[in-house]
Amino acid sequence: MKKARNNEVADRRTASADAKAALLNTYRAAMTAGEPARMARQAERAAIVTAREERRLERERVKLEEQERIATEAAERQAAVEAAAVAEIEARESAEKARIARVIEGEAARKAERDRRYANRKARQA
């Protein structure tokens with residue numbers, strides 16, 4: 001078909017509108033044809049996001065468990081240190097009490113011996 005050289009404004013407008021409609025129809029056809037692939041990609045992306053979130057939650061859970069384990073071990077070590085310190089303090093106090101008791105017993109024995117000698121001396125003088 002031969003093109004006419006004398007296009008009027010109305011003819012050009014109609015041709016432009018027809019071209020735009022053709023482009024729009026082509027776009028719609030391409031979107032409709034690509035819909036299953038687009039839906040598949042979207043579902044795949046959703047699955048990837050879900051898997052990523054599950055892995056992140058698992059890492060956080062493991063991290064929390066490790067922190068709890070470390071805290072428990074630290075508390076156990078601290079309790080053992082405190083128990084050892086208490087036992088050492090009690091042993092020192094016990095040793096100190098025993099030493100004091102021995103000193104008091106020794107002083108009592110010396111006093112008794114001194115009193116006995118004094119009584120013997122008084123008995124000899126009388």
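The structure holds 11 salt bridges. A salt bridge is counted when a side-chain nitrogen of Lys or Arg lies within 4 Å of a carboxyl oxygen of Asp or Glu. The model is predicted: local features need pLDDT of at least 70, side-chain atom pairs count only at pLDDT 80 or more, and totals for chains, interfaces and linings use all residues. Residues are numbered from 1 along each chain as its sequence is written, and side-chain values use heavy atoms, with hydrogens and water left out.

The fold comes before the pairs. The chain has one helix and zero strands. Helices (H or I, at least four residues) and strands (E, at least two) are DSSP runs, numbered from the N terminus. The radius of gyration of the chain is 52 Å, well over the 14 Å given by the globule rule for 126 residues, so the chain is more spread out than a compact globule. This radius is taken over C-alpha atoms, and the globule rule is 2.2 Å times the number of residues to the power 0.38. Along the principal axes, the C-alpha atoms of the chain fill a box of roughly 170 × 30 × 15 Å.

Glu-58 and Glu-107 are 49 residues apart in sequence. Their C-alpha atoms are 73 Å apart in space. Thr-26 and Ala-79 are 53 residues apart in sequence and 77 Å apart in space, C-alpha to C-alpha. Thr-26 lies in helix α1. Glu-58 also lies in helix α1.

Of the 126 residues of the chain, 0% count as buried. Buried means under 20% relative accessible area, exposed over 50%, and partly exposed in between (1.4 Å probe, protein chains only). Thr-26 counts as exposed, at 52% relative accessibility. The accessible surface of the chain comes to about 11,600 Å². Carbon and sulfur atoms account for 58% of that surface. Accessible areas come from the Shrake-Rupley method with a 1.4 Å probe; for residues, only the protein chains shown count as cover.

The chain carries 30 positive and 23 negative charges. Their mean positions are 5 Å apart. Lys and Arg count as positive and Asp and Glu as negative, while His and the chain ends are not counted. Each charge is placed at NZ of Lys, CZ of Arg, CG of Asp or CD of Glu.

Side chains of opposite charge can pair when their charged atoms come close. Arg-61 forms a salt bridge with Glu-58, the closest N and O atoms being 2.3 Å apart. Both residues lie in helix α1, three residues apart, about one turn of the helix. Arg-61 is partly exposed, with a relative accessible area of 37%. Glu-58 is partly exposed at 38%.

Glu-60 and Arg-56 also meet in a salt bridge through their side chains (2.4 Å, N to O). They are four residues apart in helix α1, so about one helical turn separates them. Glu-60 is partly exposed, at 37% relative accessibility. For Arg-56 the relative accessible area is 30%, again partly exposed.

A salt bridge of 2.7 Å, N to O, links the side chains of Arg-69 and Glu-73. Arg-69 and Glu-73 both lie in helix α1, four residues apart, about one turn of the helix. Arg-69 is partly exposed, with a relative accessible area of 37%. Glu-73 is partly exposed at 33% relative accessibility. Elsewhere, salt bridges that share partners join Glu-53, Arg-56 and Glu-60 into one network.

Surface patches complete the description. Patches are made of residues with over 30% relative accessible area and no salt bridge; like charges are joined within 9 Å, and nonpolar side chains (Val, Leu, Ile, Met, Phe, Trp, Tyr) within 5 Å. A positive patch is formed by Arg-110, Arg-114, Arg-117, Arg-121, Lys-122 and Arg-124. Lys-122 lies in helix α1, which spans residues 9-125. At 40% relative accessibility, Lys-122 counts as partly exposed. Leu-24, Tyr-27 and Met-31 make a nonpolar surface patch of about 290 Å². Tyr-27 has its place in helix α1.
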